[in-house]
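Here is a briefing on one protein chain. Look over the sequence and the fold before reading on.

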Amino acid sequence: MTLPNTSRRQWLRRAALTGAGLATLPALRLGARPTSPPPHTGFAEYLPQLEWERRLAGRPELQARMLANENPYGPSPRAIEAIAASAPTGNRYQHEAAAELLTMIAEYEGVPEDHIMVSPGSSDVLEKMAIVHFKDGGNVVAADPAYMSLIKVTMGMGGEWNKVKLTDDWAHDLPAMKAAINDETKLVYVCNPNNPTGTLTDNDELRQFCRDVADTVPVFVDEAYLEYLPDYKSKTMVPLIKEGKNVVVARTFSKVHGMAGLRVGYAVALPETLEKVYQISRGNMGLCKTSVEGAMASMRDTEFQKMSVKRNDDFREQTYAGLEAMGLSYIPSVTSFILFPIAMPGEAFLEGMFDKGVGVRSFDVHGKDYCRVSVGKPEEVDLFLSTLKQVLV
């Protein structure tokens, strides 16, 4: 059906806000179902409708939103207060606040300030690093499966994904990744803990890998979920940067800090590596002043961070128990999500879950269907488990 002018204007505005392409407009129908994208070269993900698309299509509102690895307990109350207090100064640029946040992060990471780049989320770091390294082609050596942000931009820039399958216990196969590096390799990407598997590669082995490789090819280590580990400071690759190794570490305020929609993250890297990004962008111009103020307040609120980690641990234990009670296996996770195999096609599975108000993700990993469920509050986990039992009948 043709959308009325008012609805069309609303759709166009929402498309601009969400990044939905105008090419999708002809397919927007009341009652329409999303279609599976063609699988890419590693693994395929079936993407459910955005929430506003669901409402337009007359589908049930989600009662449990467990599909995007969002922290349901954030932001920190102190962050919310700082954001509200800074809103009246939103007519001024964020440079001073961004510089203050950068100083805080440098002190937290124990590196000089010129080793830090603050960004609107760690995805921004991933994408910009892909742009500067693959503007003239080449390949990225990365795991399969892996978080796809940097890899997709690499391929969009004309580069290639030199993929290396994870080991049988879902760790990065570091010897195989080292062997996969060739004359066309511009970057090695390691997501640790890995998304979508939720698994951790041994930090000592990864540290040695970086020492062996980084002088020849830069290594990007995505540590978005590392803070969920109780001893994460002992597992970060930041000390290698202090040694002068060409390693990039990305962190985010989206997970433990619960600020996914506020978009704050950062990179730790050698100054000459960050300079490549500054040549194509204006540093902190993409940052929002209110978000920066919120990030600084959240860094100070260590009790909130501890609470986030504890409740995330509780989520995993509750979910594990529920899956085990149904006789389902899962991949033990150190993150805010759990990946487990399902005995039905991923698209049909998501249709069933979403029609009952539960939002999760589905992946095709090497020809097998998996569900990835993100952290939720206890009542959301209960709903997820009861719905899962109905859908998997």
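With which side chain does the side chain of asparagine 69 make a polar contact? The partner is tyrosine 225, at 2.9 Å. The model is predicted. The protein has 393 residues, and 53% of them count as buried. Its secondary structure comes to 14 helices and 13 strands. Among contacts between residues at least 6 apart in sequence, 73% join residues at least 24 apart.

- Asparagine 69 sits in the loop between strand E2 (64–65) and helix H3 (77–86).
- Its relative accessible area is 2%, so asparagine 69 is buried; the cut-off is under 20%.
- Leaving aside residues up to four places away in sequence, asparagine 69 touches Asn195, Tyr225, Lys255, Ser336, Phe337, Arg372 and Ser374.
- Two of these neighbours, Phe337 and Arg372, also meet as charge and ring: arginine 372 lies over the face of phenylalanine 337, 5.5 Å from the ring centre.
- Another neighbour, Asn195, is joined to proline 196 by a cis peptide bond.

**Aromatic pairs**

- The structure holds six aromatic pairs.
- One of them joins tryptophan 170 and tyrosine 370 edge-to-face, at 6.0 Å centre to centre and with 80 degrees between the planes.
- Tryptophan 170 belongs to the loop between strand E5 (160–165) and helix H7 (174–180), and tyrosine 370 to strand E13 (residues 368–374), so this pair ties together parts that are 200 residues apart in sequence.
- Tyrosine 370 counts as buried, because its relative accessibility is 8% and the limit is 20%.
- Tyrosine 320 and tyrosine 330 form a stacked pair, with centres 4.3 Å apart and 5 degrees between the planes.
- Tyrosine 320 is in helix H12 (residues 302–325), while tyrosine 330, ten residues apart from it, is in the loop between H12 and strand E10 (337–341).
- Tyrosine 320 has a relative accessible area of 9%, so it is buried.

**A charge over tyrosine 108**

- Lysine 233 lies over the face of tyrosine 108, at 3.8 Å from the ring centre.

**Pocket and cavities**

- The second largest pocket has a volume of about 290 Å³.
- H12 gives the largest share, four residues.
- The count of cavities of 30 Å³ or more comes to two.
- The second largest cavity has a volume of about 30 Å³.
- This cavity is lined by Asn71, Tyr73, Tyr228, Ser308, Arg311, Asn312 and Val375.

**Helix H6 and its packing**

- Ser149, Leu150, Ile151 and Thr154 are buried in helix H6 (residues 149–156).
- The buried residues of H6 pack against helix H5 (122–134), strand E4 (139–144), E5, strand E6 (185–191) and strand E7 (219–222).

**Backbone features**

- Glycine 74 and proline 75 are joined by a cis peptide bond, with omega about -5 degrees.
- Proline 75 is placed in the loop between E2 and H3, and asparagine 69 lies in that loop as well.
- For the cis peptide bond between asparagine 195 and proline 196, omega is about 25 degrees.
- Proline 196 is placed in the loop between E6 and helix H8 (203–213).
- Tryptophan 170, a partner in the edge-to-face pair, has a positive phi near 70 degrees and is a residue other than glycine.
- Histidine 366 is also a residue other than glycine with a positive phi, near 55 degrees.
- Histidine 366 lies in the loop between strand E12 (361–365) and E13.
- Histidine 366 counts as partly exposed, because its relative accessibility of 36% falls between the 20% and 50% limits.

Terms used
Residues numbered from 1 in each chain as written. Heavy atoms only, no water. Phe/Tyr/Trp six-rings, centres within 6.5 Å; stacked < 30°, edge-to-face > 60°. Helix = DSSP H or I, 4+ residues; strand = E, 2+ residues; numbered from the N terminus. Buried < 20%, exposed > 50% of the residue type's maximum accessible area, 1.4 Å probe, protein only. Lys NZ or Arg CZ within 6 Å of the ring centre and 35° of its normal. Polar contact = N/O pair within 3.5 Å; in protein donor to acceptor, adjacent residues only side chain to side chain. Contact = heavy atoms within 4.5 Å. 1 Å grid on protein atoms, 1.4 Å probe; cavity = no way out; pocket = protein on both sides within 12 Å on 5 of 7 lines; lining within 4 Å. Points joined across faces, edges and corners; volume = space filled by probe spheres on them.
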